[in-house]
Amino acid sequence: MPGPARAPEPPLVPAPTRVRRRSVVASAAALSLAALGGVAGCSVPAPRRKATAADPAPGLAIGGSRRAQLMQIAAHPDDDLYFMNPDGQRMLDAGVPLVSVYVSAGEHDGKNHVPGRGRTNTPADRPAYSSARHQGLRQSYAEAVGLPRFTPWIKDVVTLRGGRRAEINTLNNGARRVELIFLNLPMHTPRRWMALPALWSDRALELRTVLAADSPVRKADTYDYDQLVDVLAGLMEAYRPTVIHTLDPDPDIQHSDEKKRKFDSEQPGYSDHGDHTAVASFSWAAMVRRVAEATAGGGTVPAFAVTAFRGYYNRHWPKNLPSAVLREKAGHLVPYGGDASWQCGNPSGCGDYGVGGDRPLKNVKGWVRATHYRHPGAGPAVVPGADGRLAAYGVLGLRAVRWRETAPGSGLWGEPEDLGGGPLAPALGSATLPDGRVLLFGLRFSALGGHGGPNHREIVLLEQRSPGGKFLAWKGLDNPERGDDRGRRIGVPVAVAAPDGRVHLFVRNADKGVSTRVRRADGTWDRWRALPGDAEVQDGLRALVDARGRVHLFAAGREEIRHWADGVEDAPLPGAGDPVAAVATAAAVEVYFRAPAAAKLLTVPATGGRPRTASFDGYGAVTAAADARGTVLVGRDLRGRVQLRRDGALHTRTQGVVALGDSALHLTPQGAVAVGLGADAHPWAWRPEQGARG
């Protein structure tokens with residue numbers, strides 16, 4: 001985020017600017033550092049050098065060392081603390097090394113406002129304010145790895161693609177390692193327009209970096225559109241992350257009056273800051289380029305998973321962090337905000353003072369009180385094979401992949417098989433036909449263009465040719481919205497197969513309702529249509545078929561859980577802070593959810609009634625499944641560990657690589673199996689009922 005509430009924000013639209021046009025021409029040597037290409041069907045704006053296209057077909061080799069590495073890409077210092085935690089902290093606690101890249105200098109108007117002092121008494125000093133925010137990050141991450149907040153860091157200069165230079169700060173504490181890289185592009189152009197959205201919109205623009213006070217970088221660099229994409233792709237090549245955290249490239253449409261919009265620091269028409277959207281878009285363009293470069297000439301697909309986090313969206317939707325998790329998350333902002341009285345050794349300041357103390361918790365915008373995913377999903381799609389082995393489907397390197405167990409029940413997985421289809425959002429939907437064939441559904445970035453280029457999303461389908469066998473070619477299912485602007489707002493697909501052979505597909509639409517499309521038993525599709533009802537819902541839809549063959553859909557709304565049965569809206573249920581879970585038994589459909597900001601899991605019949613406690617405290621979404629023995633639940637405890645409950649017994653996963661996001665659940669005659677993706681970009685399987693500790 002750009003910083004605490006200050007003076008009214010300047011216009012957040014990239015208006016026609018008079019920013020200095022290109023005056024520096026990159027050298028031929030710099031341009032030859034990496035080739036540029038496009039993943040099948042995704043257009044990145046044409047570069048000023050010869051492009052190398054990635055092979056669009058499935059079947060590419062997938063690389064990866066299984067050495068976990070987290071990369072965070074933020075617009076401002078503190079975006080990671082506000083929007084990506086506690087996920088980042090959980091990985092850091094597990095010993096996953098972290099590199100965090102900050103694109104802007106975070107200099108805003110240059111005033112590091114001390115609460116209680118008048119704004120007119122605060123001098124404007126952009127280099128000093130940028131430096132103070134960097135110091136705040138050092139203080140926060142020092143405590144995050146278990147060291148005193150004023151622990152000295154190694155400050156150095158890293159040379160990036162094109163010969164550009166950036167400040168890098170490094171800190172180690174045993175197995176924990178943090179690196180902070182400050183690109184320091186300006187937040188505003190000389191005419192006060194938003195610099196990063198302008199850079200995304202107009203390739204001819206060029207921005208000069210801000211030199212933070214006391215930085216080892218002594219000379220400013222310049223960036224245009226292509227050069228920023230290239231620098232980010234180069235950092236991905238250098239660090240080879242297995243997990244990339246980004247912001248939201250496609251925020252919700254949000255129409256607020258001008259006074260409220262400026263107070264919320266949001267761009268006109270959308271529920272996020274313009275810098276967040278621009279940097280997220282640059283990040284996705286860089287990931288596309290990274291894959292294209294790596295696969296050019298027969299290279300391997302880099303194995304990385306992606307999580308995109310919502311930003312100012314948190315202001316508008318239910319808060320989902322219970323008090324224990326919230327205290328921990330907000331606690332990392334205390335050393336970041338710092339205090340003017342601290343003796344930290346940085347002459348320019350000891351943090352972002354407007355964020356210090358308990359101010360994040362008191363901020364009415366409530367950004368810190370939630371952590372929401374842009375593309376929520378219920379873990380990998382898990383399908384049993386005829387030979388007893390499980391297959392898990394997910395997304396690596398922006399492409400669909402399949403893993404298979406090495407042997408039935410082994411809990412070990414072979415190498416991923418590339419299914420192509422990218423660039424895809426991180427979550428896949430799936431359905432299994434009555435004959436055992438699998439359908440996979442993805443949200444595809446079919447065009448990702450800056451400088452006024454196309455920015456198109458579509459739902460795509462991959463259909464299995466035979467049970468357990470190969471797949472047909474990817475097929476586009478269009479978009480329920482018309483036009484790129486509305487089409488970018490859709491959610492990830494969720495599907496379910498009905499006993500009559502039809503497949504029901506659902507996505508959240510631009511109006512925050514639900515659109516659906518049905519595949520008939522003969523394989524043909526009807527048109528997209530909106531489900532009835534005017535209530536707005538969050539992404540993370542849940543669909544199931546009950547014992548009578550009826551198709552149910554559940555979605556967490558602003559104040560209630562919305563429920564449709566066979567396309568007809570039913571009575572709403574009590575509100576939830578996260579996507580809900582639901583199971584169908586022979587007698588009823590039960591819904592599992594957590595109330596906003598609550599740790600206790602509740603359950604209620606889909607027909608309504610008084611919620612009951614399910615004895616499964618934690619946070620985040622849960623996954624549920626049922627068989628003749630009863631209902632099984634899997635989710636996260638308050639420390640972020642995977643936990644599973646069955647027959648009153650609660651199991652906690654205490655070994656193995658740290659899990660990413662939510663987990664899938666599969667029931668076998670031998671017991672329940674939780675399956676998820678780890679920070680090493682490889683699946684894990686946990687069978688606690690068979691004595692496995694994970």
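Helix α9 packs through its buried residues against α2 (79-84), α3 (87-93), α10 (333-337), α11 (359-362) and β31 (619-627), contact here being heavy atoms within 4.5 Å. Helices (H or I, at least four residues) and strands (E, at least two) are DSSP runs, numbered from the N terminus. The model is predicted, so local features need pLDDT of at least 70 and side-chain atom pairs pLDDT 80 or more, while totals for chains, interfaces and linings use all residues. Residues are numbered from 1 along each chain as its sequence is written, and side-chain values use heavy atoms, leaving out hydrogens and water.

In α9 (residues 323-331), Val325, Leu326, Lys329 and Ala330 are the buried ones, with buried meaning under 20% relative accessible area (1.4 Å probe, protein chains only).

Then there's the sheet: open, seven strands, mixed pairing, in the order β3-β4-β5-β2-β1-β8-β9; strands pair if DSSP finds at least two bridges between them. Because β3 (154-159) and β9 (305-308) sit at the edges with a single partner strand each, one side of each has no neighbour in the sheet. Strand β8 (residues 243-246) runs parallel to β9, joined by four bridges, and Val243 has Ala305 as its bridge partner in β9. Helix α8 packs on this sheet, touching β1, β2, β8 and β9.

As for the largest nonpolar core, it has 121 residues, and Tyr141, Ile181, Leu183, Leu228 and Phe441 have the most contacts inside it. Such a core is a set of buried Ala, Val, Leu, Ile, Met, Phe, Trp, Tyr and Cys residues joined through side-chain atoms within 4.5 Å. Helix α8 (residues 274-295) gives the most, 10 residues.

Conventions:
Buried means under 20% relative accessible area, exposed over 50%, partly exposed in between (1.4 Å probe, protein chains only). Axes are lines fitted to C-alpha atoms, for helices over the stretch in contact, and angles run from 0 to 180 degrees between N-to-C directions.
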